Amino acid sequence: MKTSRSAPLLVTPASPSLQETEDPWRFDALGSVRSRDAVTLEALPRARYRSAFEIGGAIGVLTEKLQARCDALLSVEVSRLAQARAIHRCRHLPHVRFQVMAVPDEYPDQQFDLTLLSERACHWSPQELERAQQRILEHLEPGGHLLLVHWTGQSRDMRLNGHDVHDSFRRLSPKNLRHLRGEMDGTWRLDLFERL
């Protein structure tokens, strides 16, 4: 699947409100996101990644930080308006690509040595989470890293909480993934895996 900044694919998100707001998750207003992002980047075991995939890039706050560790980075988001802000934020970074995409119904046709899933999985149904896990495993290189970061609370628009998502991936160990690190800090949880 070809991706580009000029011709993003529009997919209706699970929650219509995600299409209508430039910053549906209020990332610019939340100071806690900045410290969570620092811990997220510190959790990455490699200094550089050849090809990274960010599922749920939102307005690009973490994207802009993550790109410094990547030769190539593809960031996908379901909200066209949020992604427009991410594109603007990262406009000076030619190795960062964006696409409007609804994982797990769609997935890029390439291999990655890093997949970052941040917040998006809480909006999936259990069946969508299972499909996403299969697609992530199919497209994550052996030895590649999967980093999960999710809020552990619950809101009306969430189908799962962060613990549901992370525990589901933990159950893929030790057959498909090796769990390298787990961390909980207040209202969010981080888990790092390596593809076997």
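Alanine 58 is buried, because its relative accessibility is 2% (buried means under 20% relative accessible area, exposed over 50%, partly exposed in between, with a 1.4 Å probe and protein chains only). The residue sits in the loop between β1 and α3 (61-66). Helices (H or I, at least four residues) and strands (E, at least two) are DSSP runs, numbered from the N terminus.

This is a predicted model: local features need pLDDT of at least 70, side-chain atom pairs count only at pLDDT 80 or more, and totals for chains, interfaces and linings use all residues. Residues are numbered from 1 along each chain as its sequence is written, and side-chain values use heavy atoms, with hydrogens and water left out.

**The sheet**

- Seven strands form an open sheet with mixed pairing, in the order β3-β2-β1-β4-β5-β7-β6 (two strands pair if DSSP finds at least two bridges between them).
- β3 and β6 (177-185) are the edge strands; each has a single partner strand, so one side of each lacks a neighbour in the sheet.
- Neighbouring strands are turned by 15° against each other on average, direction ignored (axes are lines fitted to C-alpha atoms, for helices over the stretch in contact, and angles run from 0 to 180 degrees between N-to-C directions).

- Strand β2 (residues 73-77) runs parallel to β3, and five bridges join them.
- Serine 75 has phenylalanine 98 as its bridge partner in β3.
- From β2 the chain passes through helix α4 (residues 80-89) to β3, in a right-handed β-α-β crossover (right-handed if, with the strands pointing away from the viewer, the path from the first strand over the helix to the second runs clockwise).
- Four of the five residues of β3 (residues 96-100) are buried.
- Leucine 177 has arginine 195 as its bridge partner in β7.

**Helices on the sheet**

- α5 lies across β1 (52-55), β4, β5 (140-151), β6 and β7, and runs at about 140° to β5 (contact means heavy atoms within 4.5 Å).
- Helix α6 (residues 162-170) lies across β4, β5, β6 and β7, at about 20° to β7.
- Gly162, Val165, His166, Ser168 and Phe169 are buried in α6.
- They lie on the same side of α6, because they cover an arc of only 155° around the axis (the arc is that of the directions from the helix axis to the C-beta atoms).
- The buried residues of α6 pack against β4, α5, β5, β6 and β7.
- Asparagine 161 caps the N-terminal end of α6, with a side-chain oxygen 2.8 Å from the backbone nitrogen of histidine 163 (a polar contact is a pair of N or O atoms within 3.5 Å; within protein, one must be able to donate a hydrogen and the other to accept it, and residues adjacent in sequence count only if both atoms are side-chain atoms).

**Loop between β4 and α5**

- Glutamate 119 is found in this loop, between β4 and α5.
- Glutamate 119 has a positive phi of about 75° although it is not a glycine.
- Its relative accessibility is 13%, so glutamate 119 counts as buried.
- Histidine 123 is in the loop between β4 (112-118) and α5 (126-139).
- Histidine 123 is buried, at 8% relative accessible area.
- Its side chain reaches the backbone oxygen of aspartate 157 at 3.2 Å.

**Cis peptide bonds**

- Valine 103 and proline 104 are joined by a cis peptide bond, with omega about 15°.
- Proline 104 lies in the loop between β3 and β4.
- Serine 173 and proline 174 are also joined by a cis peptide bond, with omega about 0°.
- Proline 174 lies in the loop between α6 and β6.
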